Amino acid sequence: MSKIHVTTTVNGDPVEFLCEASESLLDVLRDRLSLTGSKEGCGTGDCGACSVTVGGRLVCSCLVLGAEVEGRSVETIEGMAEGETLHPLQRMFIKHAALQCGICTPGILVAAKSLLERNPDPTEEEVRYWLAGNLCRCTGYDKIIRAVLAAAAEMREAS
Amino acid sequence: MPKDHGIGASQKRREDVRFLTGRGRYTDDINLPGQAHACFVRSQVAHGRLNGVDTAAAAAMPGVIRVFTGADFEGVGGLPCGWQVTDRHGQPMQEPGHPVLAQGKVRHVGDPIAVVVAETFEQARDAAEMVDVDITELDPVIDMKAALADGAPKVHDDLSSNLCYDWGFVEDNRAAVDEAIRNAHHVTTLELVNNRLVPNAMEPRVAVGDYNFATDDSTLYTTSQNPHVIRLLMGAFVLGIPEHKLRVVAPDVGGGFGSKIFHYAEEAFCTFAAKQLRRPVKWTCQRSESFITDAHGRDHVTKIELALDKEGHFQAIRTETYANMGAYLSTFAPSVPTWLHGTLMAGNYKTPLIYVNVKAVFTNTVPVDAYRGAGRPEATFQLERVIDKAAREMGIDPVEIRRRNFITEFPYATPVAVEYDTGDYHATLDKLLEIADVAGFDKRRAESAKRGKLRGLGLNCYIEACGIAPSQLVGQLGARAGLYESATVRVNATGGLVVMTGSHSHGQGHETSFAQVVADMIGIDENMVEIVHGDTANTPMGMGTYGSRSLAVGGSAMVRATEKIIAKAKKIAAHLMEASPDDIELKDGRFSVAGTDKSVAWGDVTLAAYVPHNYPLEEIEPGLEETAFYDPSNFTYPAGAYACEVEVDPDTGKVTICSFAAADDFGNIVNPMIVDGQVHGGLGQGIGQALLEGAAYDESGQLLTGSYMDYAMPRAGDLPSFTIDHSCQTPCTHNPLGVKGCGEAGAIGSPPAVVNAVVDALQRAGHSNVTHIDMPLTPSRVWAAMQG
């Protein structure tokens, strides 16, 4: 079967790739575009390690086909910092030590950024429920929640 | 005032920037030129005779390079077990073979039978479905007690039964313990299950094998907590490759929790196949596959009896435990229910007589081995649950009964073979009562009651043995390895340092905290110290990271190596300043001659070591690089006290954690911020065990909880914010840093607090018949308990 030609935007850059019809967006990102920041933790949409946004919508890239992003805009962890200037969420994750092994971290950051775009002033409970789709086995979530709330406060002040 | 550098400072983690920007390099991010992909064909039945494997159709599928079966591994060694336990009668445990690919029989769902290697993973997976496996299904044994019944099907035909060992500890105490329990004023008995858990590191296991025919070198990239251990086990026992021809690399690793200690078949397969095929071979575990191949944890069924005098003093403890080994002996499995469990049965209390019996059982389930805490959570859970039950039966406050029995003098030799060097259990309990605001509980309970909720308070103490381990002692106990750690400190000419450690960081922040230790000793900026780990090619032979050992053992090796560096540097400095080495002092990165104003900088000395123009070459060698191996003289004994408050919904049985407080004594602390995170993570896993997690098999041996749809992992909405404190510090007396280890405490100490709290809530609500509920405390179990 012939491959599908896809033209899209990834982290603001125009991108073209060929992929199989059955190939997930996650596999395209990792194997064809060498963007290995998105991780596969389960392949079934239960862990959130592969979280990206497509057209501004938070998705598990393991459940989206590569062919589906034709003409869309994809944002991954690799596009979160502006060059070497970290996003406030990334800085607050360092300040609060909100990560340990780091494997779930890209997905959590992408999901948290998506939350703050919708709700700049979330309560602790809202953060916990929004991030309930992202599994972390290392931190017990405590510092992640604190870091997201701190980043939200800083971003509100800056805006 | 918090410190801003060196030991005791909450330095930000230097590893974080690469993880936060998607630039970590984990094993699955590694792809080698010409790489082929492996897909395993696994048993779908729990027990069966393997009559044949027809690979013809699979081999003809597109992209298939070769299909491997057990026949390819007939001349290859099996996966070794690293610990031999001796039973009550002085006999060695029954130790079955553990082939890389099944030979003649399959013994659990997930047992590997064949492997397809193809150009792409999709091609390998498609072809794997075409492998025709002819199996005659046999009756499986799943329940441990049924597995020990006369006439039960045998997991291993060549063993006399499914009993791996029947261990008694201390066997000589048995009669005295029986006697004390017979004559006691009061005996509290509790039967309980320590539920089977699936470790679920968020990074699934991955292995990439590579072989260079021109040099005959093999390389394995793998998700391991201990690359040197894998190199030794796989090289020496499985594939017959000497260490100098085998390199094992464990790069960034996405969590371990014990499950990445062990040597797995897939590592041996990829290394073997890469040599056979002259191509790199990669295997990436699917999550559904990890549920049925990663070693599980816990799975004990226990009866514990506690004898007390009329004042509530503990007189004797007797336990009988059935410990599930699963279908094969995983690398350290036999040690978990014995030396990591029986030795902790004294807890924080001076009980004069203790007898622990453990029957380890083979069943047709996934092998069970160490998982965060490993044996110590099982000991703590039964002890702290039975103490709570005894307090209730005797009408003594649960805090008071613990205080009455605390060990208060150190060193203290327990009746179960270990000697606690130091501790202060009243101090951590006092701290706990303060930070948990136990005094305010009644008010909070009344407030909950107004909302129709049943509030309960549970607390407990814990102790663990960490800093694993004194090699000579564990050798006597059956370990087939030493458990020292190593470090090489290489000082560069311009003064920067590279520290190569046998420890491995997979989330613990070693790159930050280890640098703090070395920089503090010399008095230089931490950014001058780089920590290297995870590659056997550039680190000294070390035993890796598990058992809360890295700082206590690996950090101590680093201290010893740095001491050697400083001693040599002082000699060089003495030469440069024409003084005696005995008069040289090192402070803030400068060497000075005592009592004078003469001094030279750290960098002057390191440069002299590598540019030895003015140098005492007849007395000392040029260069500045030292290695040390550190073997501890004892375990370390972190201890503490935990409290949990819950609300139970009387209509549904749903338990909500309102608060959780932990007061720990970890001895000295290098990076308080990192320690906080270690405690948090342990609490998350312990609360997960208590409320949510449990691996369930049906009677045919199918794992019912084989995905995240069925196995309830703790999520952000399930856990509270934690209140923790580690200001109570009794430094370890026998390692140079005075540290004890903190990685497992949370997982060890938290399950009994949660269960004690739920039982307390129900008791206070009038359910006086509820004395125990087995974990996980799901709404249905709690609701059923309330219905009597």
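Q: How many salt bridges does the count come to over all chains?
A: This is a predicted model in which local features need pLDDT of at least 70 and side-chain atom pairs count only at pLDDT 80 or more, while totals for chains, interfaces and linings use all residues; side-chain values use heavy atoms, with hydrogens and water left out. Residues are numbered from 1 along each chain as its sequence is written, and chains are lettered from A in the order in which they are written. With a salt bridge taken as a side-chain nitrogen of Lys or Arg within 4 Å of a carboxyl oxygen of Asp or Glu, the count over all chains comes to 58.

Q: Which residue meets K282(B) in a salt bridge?
A: The N to O distance of this pair is 3.3 Å. K282(B) lies in strand 12 (residues 281-284) of chain B, and its partner sits 254 residues away in the loop between helix 1 and strand 1 (36-42) of chain B, where helices (H or I, at least four residues) and strands (E, at least two) are DSSP runs numbered from the N terminus. The partner is D28(B).

Q: Which residue of chain A forms a salt bridge with D29(B)?
A: Across the interface of chain B and chain A, the rule finds four salt bridges. In the one that involves D29(B), the closest N and O atoms are 2.7 Å apart, and the partner is R30(A).

Q: Which element gives the largest share of the side of chain B that touches chain A?
A: Contact (heavy atoms within 4.5 Å) joins 49 residues of chain B to 44 residues of chain A. The elements of chain B that give two or more residues to this side are helix 1 (16-20) and helix 17 (672-691). The largest share, eight residues, comes from helix 17 of chain B.

Q: What area is buried between chain B and chain A?
A: Buried area is the accessible area (1.4 Å probe) that two parts lose on being put together, summed over both. Carbon and sulfur atoms give 55% of the area buried between chain B and chain A, which is about 3,800 Å².

Q: What radius of gyration does chain B have?
A: The C-alpha trace of chain B spans about 85 × 75 × 55 Å along its principal axes. The radius of gyration is taken over C-alpha atoms, and the globule rule is 2.2 Å times the number of residues to the power 0.38. For 788 residues a compact globule would have a value near 28 Å, which agrees with that of chain B, 27 Å.
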